[in-house]
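Have a look at the structure first, then try each task before reading its solution.

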2 protein chains.
Amino acid sequence: MQYGYFDDEAREYVITEPKTPFPWINYLGNEEFFGLVSNTGGGYSFYKDAKFRRLTRYRYNNVPIDTGGRYYYIKDGDTVWNPGWKPTQTELDSYECRHGLSYSKFTGVKNGVKSELTCFVPLGVNAEVHKLSIENNSTVQKSLKLFSLAEWCLWNAQTDMENFQRNLSTGEVEIDGSVLYHKTEYKERRNHYAFFSVNAPIQGCDTDRETFTGLYNGFDAPQTVLAGAPQNTEAHGWSPIASHYLEIDLAPGEKRELVFVLGYVENAEEDKWESKGVINKAKAKEMISLFDTVGKVDAALADLSNYWKKLLSVYQVESGDEKLDRMVNIWNQYQCMVTFNMSRSASFFESGIGRGMGFRDSNQDLIGFVHQIPERAKERIIDIASTQFEDGSAYHQYQPLTKRGNAEIGGNFNDDPLWLILSVTAYIKETGDWSILDESVPYDNDESKATDLFGHLSRSFNFTVNTLGPHGLPLIGRADWNDCLNLNCFSKDPNESFQTTENASGGQAESLMIAGEFVLYGREYIRLCKIRGLDAEAEAAQIHVDAMVESVKTHGWDGDWFLRAYDFYGKKVGSHENEEAQIFIESQGFCTMAEIGKEEGLCEKALDSVNERLATEHGIVLNNPAFTKYVIEYGEISTYPPGYKENAGIFCHNNPWVCIGETKAGNGDRAFDYWKRIAPAYREDISELHKMEPYVYSQMIAGKDAFKPGEAKNSWLTGTAAWNWAAISHYILGIQPDYDGLVIDPCIPKAWKQYSVTRRFRDAEYCITIKNPDGVNKGVVLLLVDGVLTKGNMIPIFGDHGVHEVEVILGEAHV
Amino acid sequence: MQYGYFDDEAREYVITEPKTPFPWINYLGNEEFFGLVSNTGGGYSFYKDAKFRRLTRYRYNNVPIDTGGRYYYIKDGDTVWNPGWKPTQTELDSYECRHGLSYSKFTGVKNGVKSELTCFVPLGVNAEVHKLSIENNSTVQKSLKLFSLAEWCLWNAQTDMENFQRNLSTGEVEIDGSVLYHKTEYKERRNHYAFFSVNAPIQGCDTDRETFTGLYNGFDAPQTVLAGAPQNTEAHGWSPIASHYLEIDLAPGEKRELVFVLGYVENAEEDKWESKGVINKAKAKEMISLFDTVGKVDAALADLSNYWKKLLSVYQVESGDEKLDRMVNIWNQYQCMVTFNMSRSASFFESGIGRGMGFRDSNQDLIGFVHQIPERAKERIIDIASTQFEDGSAYHQYQPLTKRGNAEIGGNFNDDPLWLILSVTAYIKETGDWSILDESVPYDNDESKATDLFGHLSRSFNFTVNTLGPHGLPLIGRADWNDCLNLNCFSKDPNESFQTTENASGGQAESLMIAGEFVLYGREYIRLCKIRGLDAEAEAAQIHVDAMVESVKTHGWDGDWFLRAYDFYGKKVGSHENEEAQIFIESQGFCTMAEIGKEEGLCEKALDSVNERLATEHGIVLNNPAFTKYVIEYGEISTYPPGYKENAGIFCHNNPWVCIGETKAGNGDRAFDYWKRIAPAYREDISELHKMEPYVYSQMIAGKDAFKPGEAKNSWLTGTAAWNWAAISHYILGIQPDYDGLVIDPCIPKAWKQYSVTRRFRDAEYCITIKNPDGVNKGVVLLLVDGVLTKGNMIPIFGDHGVHEVEVILGEAHV
């Protein structure tokens with residue numbers, strides 16, 4: 001069942017039924033000001049940091065769900081309704097929500113009145129702009145009453161929901177014409193305030209929530225709206241809000257357009273006040289003036305549209321499969337950018353107060369957006385690397401505001417350092433900007449301890465070399481990529497975090513996943529060394545990589561698949577010898593991506609085992625069988641109910657590793673099939689089961705051991721987006737940036753006949769047509785660049801700002 | 001305006017209008033299991049710790065307010081209603097909520113059906129018991145459908161509202177007949193589960209919230225209730241709930257009584273399971289069987305009633321002023337016990353996750369309940385003292401579960417240590433148990449560092465001696481009792497806590513309040529020394545106290561009142577020289593209680609200044625004039641809007657200090673008048689303004705500089721209760737326990753003619769009648785004990801388990 005449809009031309013998902021199986025959301029903003037908005041208008045706004053600078057209040061996991069947002073109430077006689085259906089939930093004559101790229105548009109029709117609300121954050125502006133048009137399509141005169149509503153959060157989202165003894169006394173506002181200001185704590189330590197404005201005279205307002213809604217009414221039925229009369233309150237403590245009141249008289253056919261601005265302003269200490277106790281509003285007024293006409297708003301919307309058009313144009317496919325095209329051309333790329341913007345901090349599952357930026361997360365996320373915004377990718381790489389320790393290890397998280405490592409969580413997740421090699425090489429391959437390796441980058445943010453970035457990569461590589469266990473495999477530390485496989489933790493206290501609790505020492509837990517990662521990115525490191533002429537270093541590294549390959553083959557192979565790990569006591573994890581969780585996905589993914597033991601058939605065997613034991617119609621589960629009891633030696637993974645999250649859920653992040661492994665083995669049919677199973681556009685028609693948005697990946701889909709297999713959770717902010725982007729664009733469609741050109745190496749279903757990709761790369765545009773006359777999975781047999789036969793499968797770099805036609809023929813290699 | 005009335009006989013406050021100006025709540029439980037319940041049935045339950053063991057979910061500051069609780073829905077035809085009005089808010093034909101001592105009773109009548117719901121926690125049991133009777137008072141047969149509802153919290157109340165990525169996958173339940181179990185995380189690290197039972201067969205149930213309410217319906221209109229049919233769901237993740245469904249057919253006049261039990265069970269590791277994956281329910285069943293008949297429930301209710309009767313009977317007054325009597329005999333004592341039970345952690349303003357137990361708070365709270373439960377007071381004293389440091393200073397807070405000092409907050413609040421002298425001497429005076437001073441008590445919970453408790457008191461006293469500033473006054477440290485006067489903080493970052501941020505060093509900020517406290521409790525310490533024969537120590541201490549008195553007189557007197565402090569730079573705080581906040585209440589209270597400069601008339605002058613500058617009809621404000629801007633040298637106090645909280649609010653905690661000071665000056669009229677201004681029973685008839693419960697003190701009432709003077713906030717858990725208890729019972733009514741007997745020293749309004757107090761003290765009961773024939777404020781001129789003329793004003797200790805008649809005549813002293 002579907003709740004809407006894709007409008008690919010408009011690059012929108014169009015929701016036609018407000019009662020989606022879960023709130024389906026979108027993100028506004030691309031720089032410093034952000035908003036989350038659901039398909040019924042719920043959500044909140046923040047400046048830079050969803051914890052410390054939250055503008056509007058939002059209640060997670062509320063009943064009913066998704067209550068609270070920036071709302072507009074239209075009172076038409078005795079009927080009160082909203083353009084987005086909620087919060088009144090008044091049945092509309094027609095409803096539509098269009099989630100586009102960084103904007104959302106709500107159209108509601110009721111009793112002959114049509115309202116259209118468009119919400120976005122203009123580029124370069126710290127504000128949400130809401131364009132609201134109300135049109136009288138009836139045959140009678142309409143006297144409408146319009147109430148806006150935003151509930152202010154007292155800035156710090158965490159204390160806002162904890163410290164009522166203080167909060168309920170501190171709220172302060174100012175009212176100045178049509179602009180309602182929120183200035184709590186501005187008097188003292190804050191240099192910022194918020195405002196909510198409308199570009200028209202108002203006939204009243206309220207700034208005190210209790211008066212507006214009434215103590216016993218909800219947002220669905222605020223007493224002032226029901227009464228049709230604002231109380232013109234000035235909030236003092238309790239819960240300040242901003243609600244404008246406008247009377248709108250419309251003749252038949254008449255339309256009124258309004259622009260609301262919800263903005264954030266910072267003032268320098270010396271510019272804080274206009275007069276005693278009165279805030280300096282100059283910047284707010286300036287911001288408001290930027291959008292005081294519909295024309296200005298439409299121009300800003302057009303800018304935003306062009307911004308996205310340009311970002312997405314770097315990679316566009318035409319395959320004949322509209323689902324594939326919309327994922328690749330629009331939604332997967334969009335999701336990667338949202339993940340970048342949010343640093344995974346704020347979604348309808350991440351409450352915006354819980355976490356900093358992950359070292360490994362951020363490095364992996366980068367492969368999803370480096371082609372779109374390489375300059376910001378570079379900045380992020382430097383930020384991340386700056387938190388690395390001198391021994392090559394890393395803080396597991398850092399704070400986006402301070403850009404410093406998070407000491408509370410610490411380090412010792414032994415996979416972390418290696419991901420830096422992935423992100424840096426991806427950046428150079430995309431941009432050709434070798435200079436990044438020569439940038440001076442501190443350790444632990446201490447400039448006195450700095451080397452060039454290449455030095456960081458050396459230390460990343462050598463950290464693993466120096467942290468091997470008894471089988472010559474990498475020691476796992478707190479955990480590797482799977483945060484929940486805690487082999488040194490042994491926790492009995494439910495209030496301990498598995499990730500931060502002091503680990504037991506003296507154990508020998510080793511990770512096959514890090515082993516695969518080391519081989520894969522170790523080889524990338526060796527390539528770098530060679531290119532930089534560091535042959536001795538390259539040789540030494542090669543010896544370590546070769547040794548690791550041998551260790552994996554000798555100690556990491558279970559007969560039909562790769563082991564997952566050795567535990568604290570040196571016992572096998574992910575072996576047929578185990579009672580539960582005999583096979584895990586991560587080591588199969590990474591060892592096949594690294595092609596360890598390929599010649600001996602290990603990769604093929606491992607991939608077959610994945611297919612047999614882990615693959616389901618909804619994706620590939622993380623382990624099998626699921627844990628049915630707590631294994632203290634393994635930690636958090638066994639705390640989840642069977643089939644959920646890391647305990648045999650389809651943890652989508654790692655599915656593309658297998659896809660990529662399959663492409664390396666040449667199985668294009670399986671690779672594409674796996675990708676489709678979790679790709680949201682392909683799951684749109686089972687939306688009632690999938691539950692999450694059909695336009696973005698979810699972190700997890702319930703696995704076969706679950707109560708409800710196929711039900712997804714935790715949509716939007718997941719490494720799934722970046723890795724699936726890599727799987728589909730680099731490995732299946734096969735357009736891979738490399739240092740010296742664009743490698744064309746598709747691995748596709750045999751049934752595909754032809755597809756084309758437009759790729760902007762190093763200041764040129766390549767229109768690539770791939771033909772598959774023989775129905776193969778893989779193998780470039782002919783490459784024509786601008787009509788010229790080219791050896792191998794790499795398009796050279798032109799850098800001429802021109803457009804180049806590329807024709808690729810796949811077929812059986814004639815060796 | 002009133003929303004109910006006091007039923008003094010039943011010891012209940014009876015709310016007759018569900019729409020109170022704020023939820024008016026009550027507390028259930030007295031030992032380890034607790035519940036908060038509002039007058040419309042909202043609230044939640046927890047075991048021991050409101051943060052780490054919360055049983056049911058509650059959403060603070062929701063819209064509408066107070067949404068969520070343990071609810072019962074009655075569906076009678078198309079009408080759905082609740083005994084407590086909420087959540088359906090269906091208008092009732094009659095509504096009544098009776099908040100009694102540790103129980104609440106809701107009576108609702110609708111369409112001829114009467115329901116009565118009584119909620120309490122039986123003594124010795126870790127469960128809430130809900131007795132629900134439904135009676136058909138109509139003339140027709142009724143086929144009713146009853147749905148219960150409790151929404152489970154996933155134990156840790158903080159992560160429950162933050163970590164949705166995990167939480168929404170972990171929920172687990174079991175259904176066994178009429179018992180619905182919540183076992184999230186029991187599989188792994190928890191040894192506890194919860195259950196919700198009913199003593200009758202059910203005709204269905206739901207344990208999945210989304211099915212029960214529907215994603216778009218609230219608790220006011222759950223879809224299964226509206227449909228009149230449960231879905232018999234077993235929750236897997238998302239949000240587990242417990243909802244029973246019972247069909248109740250009642251003939252005219254027929255009544256059905258049901259008993260619901262919401263309980264908590266811990267199992268030993270080896271007893272966790274009945275069979276694989278099935279929890280061991282033996283203890284739950286045993287608990288349920290204790291209340292499987294109404295007779296058993298009524299017996300438990302009677303036990304609870306007797307428990308309270310006994311507790312309250314220690315002190316009972318008959319004054320002829322019913323408001324005074326109900327405050328003293330019922331509500332003030334009750335509130336003191338609730339504050340003890342909650343350790344100030346959980347109210348409708350304290351979210352239950354924010355704080356440990358305060359060192360100073362707990363010592364002060366003790367003076368409110370030591371007469372009721374001296375054995376538990378002793379335990380608490382030892383707990384508190386065990387967190388003291390060797391130098392006499394103290395952790396500012398400690399954790400009730402671990403009983404260890406809270407390192408995150410640390411110490412350096414320089415008033416803290418002295419409060420220990422107050423609590424210990426109060427305990428000994430009440431009990432005569434001198435042995436407490438010889439108990440071995442560790443420092444910083446390290447048993448290797450232990451002295452006797454008396455040693456702790458010495459160190460408390462000497463800490464101040466060793467921490468004097470340039471004027472010979474005590475250095476303030478982070479703050480004294482007024483947490484918000486932060487003279488060494490200088491914070492500019494809004495995300496810093498004024499209480500925990502590193503303080504500036506090198507300053508000389510001194511506190512006049514600690515000076516008064518030192519003199520007052522220093523004298524108590526000297527008394528103890530003398531009694532223990534430590535004359536040299538007594539003499540040395542006397543020198544320090546005398547010196548402090550001189551310092552106060554020399555450097556602490558501003559001309560008409562006592563200064564509040566010297567700031568970091570040695571500038572006066574609370575002086576007529578200041579622009580704002582020229583006078584503060586705390587130093588007036590403590591210096592007049594300590595009678596510093598009484599002979600010179602300083603006390604009288606200071607009290608007159610309080611009367612003139614700080615006293616208002618709603619109580620005494622903290623400072624005047626209010627701060628209108630941030631004073632970085634003063635810290636948090638100046639962050640509050642004028643008239644609120646510590647910035648010139650009526651911060652009720654310190655009002656009784658002035659009352660007591662007035663009694664020491666002999667001004668009984670003013671003392672009683674001040675007490676009445678904040679005593680809730682006297683404010684009942686302005687409930688629409690006061691807003692908070694009229695049966696308990698609030699922490700704060702908005703002051704004269706506020707937007708709405710007289711509006712209270714932060715009811716229930718405040719030191720106000722203990723200090724007002726001391727003021728009214730010890731100082732105004734004048735019955736004061738002392739080491740060698742009961743001192744009778746009333747200080748009352750001149751107009752009072754007579755009153756009597758029954759006081760149990762040291763194993764005897766004293767029926768004391770106080771007569772005031774001459775209309776004086778103060779002065780015992782005649783004391784008859786059992787008809788025997790007794791010199792002075794102290795009733796000797798009989799300890800004979802007998803009843804003794806005491807007659808006291810007040811009058812002008814004939815010197």
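**Exercise 1.** Find the volume of the second largest cavity and the residues nearest its centre.

*Solution.* Start with the size: the second largest cavity takes up about 230 Å³. A cavity here is a set of points on a 1 Å grid over the protein atoms alone where a 1.4 Å probe fits but cannot get out, and lining residues have an atom within 4 Å of a point. The volume is the space filled by probe spheres set on the points, which are joined across faces, edges and corners. Next, the lining: it counts 23 residues, with A:Arg209, B:Phe22, B:Asn61, B:Asn62 and B:Ile65 nearest the centre.

Before moving on, note that this is a predicted model: local features need pLDDT of at least 70, side-chain atom pairs count only at pLDDT 80 or more, and totals for chains, interfaces and linings use all residues. Residues are numbered from 1 along each chain as its sequence is written, chains are lettered from A and ligands numbered from 1 in the order in which they are written, and side-chain values use heavy atoms, with hydrogens and water left out.

**Exercise 2.** Which elements give two or more residues to the lining of the second largest cavity?

*Solution.* Look in chain A: they are α2 (164–170) and α3 (209–213). Helices are DSSP runs (H or I, at least four residues), numbered from the N terminus.

**Exercise 3.** How much space lies in the largest cavity?

*Solution.* That one holds about 490 Å³. Its lining has 28 residues, and among the closest to the centre are A:Tyr60 and B:Tyr60.

Technical notes. On a 1 Å grid over the protein atoms alone, a cavity is a set of points where a 1.4 Å probe fits but cannot get out, and a pocket is an open set with protein on both sides within 12 Å along at least five of seven lines; lining residues have an atom within 4 Å of a point.
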